[in-house]
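User: Please examine the aromatic contacts of the structure shown here.

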Amino acid sequence: MKIKAIFYDFDGVIKDSTNIKSKAFYDLYAPFGDEIANKVAKYHLENGGISRFEKIKYFHQEFLKINLSEQEIAEWADKFSALVLQNVIESNYVFGALESIKTLANQYQQFIITGTPQNEIEFICEKSNISTYFVEICGSPKNKISWCNELIKKHQLNSNEIVFIGDATTDFEAAEACKLHFILREHEENEKLFSTKDIVKVKDLNNLAEVIKNNLS
């Protein structure tokens with residue numbers, strides 16, 4: 001078996017930006033009180049990779065008993081974008097991520113699959129000067145399972161030739177559903193969620209080539 005492609009999640013895997021979005025969700029719902037804002041931030045951390053549109057709809061329905069129209073969901077999502085966009089661009093890379101991405105671009109086909117909206121993730125990657133290292137950059141509204149299946153078909157890949165590097169349950173579920181290899185980028189927010197999973201776990205993306213070689217070949 002030889003790995004030919006790498007699917008990366010973005011927040012928490014390439015950029016250390018998970019907490020930026022948690023704080024943004026907290027701030028967005030702070031006018032409804034600390035209890036609601038804390039529930040929102042907690043849900044976001046435990047359900048990374050789901051699009052903000054789905055989360056905002058859920059938060060209003062479940063926590064506020066409000067059903068938003070599609071237009072209202074879009075307006076709330078715009079407020080969220082305004083809070084996070086520049087902060088994500090300016091956030092630090094996960095240790096070793098930038099170096100590994102640059103190095104591995106010559107060895108593997110690389111893709112980003114994220115819950116961040118399509119136009120936004122393209123803008124972030126362009127401003128971060130990393131777009132050229134990826135064959136495709138894939139965001140919401142299409143979910144991660146759909147993207148995995150589409151990329152496998154479009155680029156004529158076999159599932160056993162792909163590793164998904166993620167830090168969220170949606171990443172793991174997409175890898176499971178599409179029968180991909182999986183590497184968890186482990187951090188304090190997801191340790192408990194994956195504590196019982198027998199999977200490859202790394203604290204950062206330093207020496208990623210060696211991790212893939214030692215565990216998936």
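User: Over the face of which residue does Lys-142 lie?

Analyst: In this predicted model, local features need pLDDT of at least 70, side-chain atom pairs count only at pLDDT 80 or more, and totals for chains, interfaces and linings use all residues. Residues are numbered from 1 along each chain as its sequence is written, and side-chain values use heavy atoms, without hydrogens and water. A charge sits over a ring if NZ of Lys or CZ of Arg is within 6 Å of the ring centre and within 35 degrees of the ring normal. At 4.5 Å from the ring centre, Lys-142 lies over the face of Trp-147.

User: Over the ring of which residue does the charged end of Lys-79 sit?

Analyst: The charged end of Lys-79 is 4.3 Å from the centre of the ring concerned. That ring belongs to Trp-76.

User: Is the pair of Tyr-29 and Trp-76 stacked or edge-to-face?

Analyst: Rings of Phe, Tyr and Trp (its six-membered ring) pair if their centres lie within 6.5 Å; planes under 30 degrees apart count as stacked, over 60 as edge-to-face and the rest as tilted. The centres of Tyr-29 and Trp-76 are 5.5 Å apart and the planes are at 20°, so the pair is stacked.

User: What is the relative accessibility of Tyr-29?

Analyst: Buried means under 20% relative accessible area, exposed over 50%, partly exposed in between (1.4 Å probe, protein chains only). Trp-76 counts as buried at 14%. Tyr-29 also counts as buried, and its relative accessibility is 0%.

User: How many aromatic pairs does a search of the whole structure find?

Analyst: One aromatic cluster includes Tyr-29, Phe-59 and Trp-76. The search of the whole structure gives a total of 18 aromatic pairs.
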